[in-house]
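I opened this notebook to record what I looked up in one structure. The entries follow the order in which I consulted the model.

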2 protein chains.
Amino acid sequence: MKLSKRALDIQASPIRKLMPHAVKAKADGVKIYHLNIGQPDIPTPPEMIEVYHQFDHKVLAYGPSQGLEVYQKSLVKYYAKQGIELEVDDIIVTIAGSEAVTFAMMVAANEGDEIIVPEPFYTNYNGFATMASITIKPITTYAENGFALPSDEEFEKLIGPKSRAIMLCNPGNPTGSVYSREDLERVAALCKKHNLFLISDEVYREFVYDGLKHTSVLEIPGLEEHAIMVDSVSKRYSACGARIGCIVSRNKELMAATLKFAQARLCPPTVDQLAANACVYLPDEFFEELIEEYQSRRDLVYEELMDIEGVVCKKPEGAFYVIANLPIEDAEDFVIWMLDHYRLDNETVMAAPCEGFYATPGLGRNELRLAYILNKDDLKKAMHIFREGLKEYKKIKG
Amino acid sequence: MKLSKRALDIQASPIRKLMPHAVKAKADGVKIYHLNIGQPDIPTPPEMIEVYHQFDHKVLAYGPSQGLEVYQKSLVKYYAKQGIELEVDDIIVTIAGSEAVTFAMMVAANEGDEIIVPEPFYTNYNGFATMASITIKPITTYAENGFALPSDEEFEKLIGPKSRAIMLCNPGNPTGSVYSREDLERVAALCKKHNLFLISDEVYREFVYDGLKHTSVLEIPGLEEHAIMVDSVSKRYSACGARIGCIVSRNKELMAATLKFAQARLCPPTVDQLAANACVYLPDEFFEELIEEYQSRRDLVYEELMDIEGVVCKKPEGAFYVIANLPIEDAEDFVIWMLDHYRLDNETVMAAPCEGFYATPGLGRNELRLAYILNKDDLKKAMHIFREGLKEYKKIKG
């Protein structure tokens with residue numbers, strides 16, 4: 001039986017294909033420090049877990065397609081605290097950020113239309129694009145200048161009759177870059193000039209360092225009809241397994257259409273929404289401590305990387321990733337070699353090769369993404385192993 | 001800003017558009033018996049709720065994209081008990097049956113391809129088809145003969161170069177019909193002859209009455225490469241809010257492709273999967289009592305309907321719906337009239353007009369779907385109000 005072309009074409013997870021090597025190493029008793037995935041180690045807030053413990057409905061029933069009203073109202077408060085004034089109807093609760101991105105693509109673009117995305121970008125955008133039958137047009141950004149937003153001229157080279165939106169990830173996975181208000185105003189002007197939606201993935205909104213302030217696409221005046229924000233509780237509350245996100249826009253027609261997509265799949269999970277709801281009421285110290293912890297991890301990883309000969313990287317300003325340009329040809333080969341062959345006291349390190357984060361063939365081959373999602377003791381050990389491994393690899397393969 | 005064509009075209013929930021009338025009636029203090037939705041009133045098993053209470057992970061982490069292994073293995077046992085032998089890799093856990101249907105459509109068909117579905121069908125298939133950019137070709141079935149499977153000739157009139165699959169709902173929502181093994185063998189032969197997938201929505205698998213035995217598409221020999229089964233815990237365990245389903249096929253290439261779609265959205269919710277897992281180990285009495293209860297409800301509703309002059313319907317063999325052909329012109333108008341104007345002791349009844357379950361324009365206009373998801377006392381009251389209301393409506397509008 002012949003499968004659909006899209007089933008054959010959809011990108012396999014570039015990280016997943018390395019898993020057999022990790023499984024093999026683990027089976028051999030090797031401890032792996034995982035810097036390859038965005039799964040935080042920070043405990044989920046007990047206030048959230050407590051909601052699961054207290055769940056007392058007799059029937060675990062469908063909720064409304066737009067999300068439980070109690071949670072929508074809490075989200076209005078959450079965004080108000082960030083300086084974003086919203087109405088309940090501006091928010092539809094989604095099944096994690098994944099569904100929010102898919103809805104945004106489907107509502108903004110038809111089959112065959114194009115969405116412009118700065119690369120490197122979160123690799124699963126490719127999968128969502130396949131599901132939505134749209135084409136991602138990548139616009140390359142560079143480690144050397146901190147993955148800065150490309151110029152208007154670069155964008156306009158890509159904008160054509162099929163362009164329907166520009167999509168940003170801010171703060172950026174995998175880049176760690178944070179767009180300034182000026183950056184957003186510039187891309188907003190482009191979107192208004194060319195009648196494009198501006199989709200902004202802000203799931204790392206709180207993860208900005210050195211006293212920087214995050215700017216949401218929803219804060220740009222005059223962009224109400226264009227701005228679509230996608231969000232998720234996964235990273236912010238270490239609640240990746242809850243699968244709760246949302247799509248937010250002040251464009252009423254767009255939200256009415258999104259609701260029809262949401263109605264088809266009935267509703268997001270009920271208990272998980274109630275659990276996510278509790279997180280909105282965590283004390284301010286929760287994020288203060290969280291960001292302090294991540295900032296010190298970032299400092300540690302960045303300093304360790306700077307200490308390795310031939311490694312180039314810009315200090316990330318946000319999210320919890322750093323992209324390192326390595327003095328080798330093939331970062332994926334290095335990752336596999338570390339898993340298959342390199343051990344220090346029977347431990348090794350796994351990172352994510354960056355090639356899969358680029359849509360332009362050939363880019364990112366000598367780059368790795370490291371997620372600083374371990375405690376500092378483990379991170380220190382991991383970076384030591386990483387440095388020693390890289391030294392050894394260069395000796396053998398260089 | 002112009003939205004995508006599909007955002008404008010996607011079907012609004014035909015049931016939802018009646019909600020303002022229900023909200024208004026409730027605001028006026030009227031009690032509504034809801035026979036319009038498939039939300040069971042049966043309590044969710046305490047064994048399932050207990051899993052939420054006992055959840056003790058420190059970090060609510062991502063699970064595997066294919067689902068938690070513990071749950072996949074339990075599902076193998078669940079299906080074995082139904083006489084269906086499977087391997088773990090034949091099952092991918094999905095975010096409810098909704099995602100399973102969407103995945104099945106996307107893997108089987110390309111944009112613009114066609115899937116043949118007997119109508120009336122579950123109205124949200126339309127939304128999934130829009131999301132998957134495929135076309136549903138309806139093949140009409142008729143209340144008069146219990147919505148029997150159409151003849152091979154009828155199917156072959158619709159099978160063309162763009163046909164990629166036949167999709168069945170068995171037991172049927174909204175028809176209540178159950179396909180026999182002979183029915184399935186016949187449609188299986190058609191699928192083999194014309195190289196079509198056979199997608200079978202079996203979320204009501206246990207809901208068969210009068211000692212009938214349900215036959216799964218996975219039980220048909222020689223259909224391994226063609227058969228795709230979609231399933232959900234929602235109805236079976238009164239757990240609609242958990243959003244846990246699965247897609248099952250022995251076609252290895254198809255499952256490998258489906259896994260890539262699943263990887264893009266990362267994973268189904270973690271705690272809900274653990275909760276669904278507990279349901280697999282419920283004692284046999286759970287379903288015995290459940291089916292006995294639903295069968296007696298069906299008998300009650302069916303007998304009450306048979307007692308109303310001019311109403312035509314076949315006794316449903318499965319699921320928990322019955323379609324009633326009414327002696328009026330416009331069933332939707334009747335539903336709205338009941339909500340707006342008819343009260344008996346300040347109570348009224350809401351049912352689902354069937355027009356939205358048909359893809360062929362004009363069909364189903366005088367049909368209603370009643371879901372027997374209330375206890376028998378309430379059902380009896382509801383059916384009394386229904387009969388009196390219909391009498392009154394005919395007097396006024398007839």
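**Entry 1: a helix pair in chain B**

I began with the residues through which two helices touch: E47(B), M48(B), V51(B) and Y52(B) of α3(B) are in contact with V271(B), L274(B), A275(B), A278(B) and C279(B) of α10(B). Sorted by class, this contact comprises eight nonpolar residues, no polar ones and one charged residue. I note that the model is a predicted one.

I then looked up the geometry of the pair. Helix α3 of chain B spans residues 46-54 and helix α10 of chain B spans residues 270-279. The two pack at an angle of about 145 degrees, and their axes are 8 Å apart. I recorded the crossing of α3(B) and α10(B) as right-handed.

**Entry 2: strand β3 of chain B**

I next asked why strand β3(B), residues 114-119, is largely enclosed by the rest of the structure. The reason is that six of its six residues are buried. I checked each face of β3(B) in turn: E114(B), I116(B) and P118(B) are buried on one side, and I115(B), V117(B) and E119(B) are buried on the other.

**Entry 3: the partners of β3(B)**

I found β3(B) running parallel to strand β4(B), residues 135-140, with six bridges joining them. Within this pairing, E114(B) lies opposite T135(B).

Definitions and conventions:
Residues are numbered from 1 along each chain as its sequence is written. Chains are lettered from A and ligands numbered from 1 in the order in which they are written. This is a predicted model: local features need pLDDT of at least 70, side-chain atom pairs count only at pLDDT 80 or more; totals for chains, interfaces and linings use all residues. Axes are lines fitted to C-alpha atoms, for helices over the stretch in contact, and angles run from 0 to 180 degrees between N-to-C directions. Helices (H or I, at least four residues) and strands (E, at least two) are DSSP runs, numbered from the N terminus. A crossing is left-handed if the near helix is turned anticlockwise from the far one by less than a right angle, and right-handed if clockwise. Two residues are in contact if their C-beta atoms, placed from the backbone, lie within 7 Å. Ala, Val, Leu, Ile, Met, Phe, Trp, Tyr, Cys and Pro count as nonpolar, Asp, Glu, Lys and Arg as charged, and the others, Gly among them, as polar. A residue is buried if 20 or more other C-beta atoms lie within 10 Å of its own, exposed if 12 or fewer, and partly exposed in between; C-beta atoms are placed from the backbone. Two strands pair if DSSP finds at least two bridges between them.
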